Amino acid sequence: MKEKQEGGKIQMTYYIGTDHAGFKLKAFVIAFLQERGFKVVDFAPQNEERVDYPDYAKKVCEAIDSQFCRGILICGSGIGMSIAANRFKHIRAALCTDAYMAKMARAHNDANVLCMGERISGIGEVESILEAFISSDFEGGRHLKRVEKLNNLS
């Protein structure tokens, strides 16, 4: 597990991955998370040279190994990253373009990876998406059975 104790409380770790089309948004996302006390691991490229998004989705998804870590993937539209991430059995990736989607992704689907599109959402919208994603908890209840079924799909 990759969690860390902070004053008796477990600290959530966020793994970040982007391709070249999501590179500029990465710095904002990392700063946003760090300002709120989260540990951030940057798997994204370090410049805007063209790369393939599946490679970065794989790095993030393979690192997620407990309930105390989540991923954020960013490409141009968010679509490619979400498709790639959902190929991993233990991943429930949600492409979110507004705060309501991010809240529901956590509350009803127990999403552990947030996907966004740098070419789709502006900084203000991204901030509200991130806030909704990090502050929403899985409701369980009637949703638990559905998430368990997702986890058992081949």
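This is a predicted model: local features need pLDDT of at least 70, side-chain atom pairs count only at pLDDT 80 or more; totals for chains, interfaces and linings use all residues.
Residues are numbered from 1 along each chain as its sequence is written, and side-chain values use heavy atoms, with hydrogens and water left out.

**Ile74**
- Ile74 lies in strand β5, residues 69-75, strands being DSSP runs of E of at least two residues and helices runs of H or I of at least four, numbered from the N terminus.
- Ile74 counts as buried because its relative accessibility is 0%, the cut-offs being under 20% for buried, over 50% for exposed and partly exposed in between, with a 1.4 Å probe and protein chains only.
- Beyond residues up to four places away in sequence, Ile74 touches Gly17, Leu25, Met81 and Glu118, among others, where contact means heavy atoms within 4.5 Å.

**Nonpolar cores**
- The largest nonpolar core has 25 residues, of which Tyr14, Val29, Leu33, Ile72, Leu114, Met116 and Leu130 touch the most other members; a core joins buried Ala, Val, Leu, Ile, Met, Phe, Trp, Tyr and Cys residues through side-chain atoms within 4.5 Å.
- The largest share of this core, six residues, comes from α5.
- A second, separate core of 18 residues includes Cys61, Ile64, Ala93 and Val113.

**Helix pair**
- Helices α4 (residues 99-109) and α6 (residues 142-152) pack at about 90 degrees, their axes 8 Å apart.
- The contact involves Ala107, His108 and Asn109 of α4 with Arg142, His143 and Val147 of α6.

Methods. Axes are lines fitted to C-alpha atoms, for helices over the stretch in contact, and angles run from 0 to 180 degrees between N-to-C directions.
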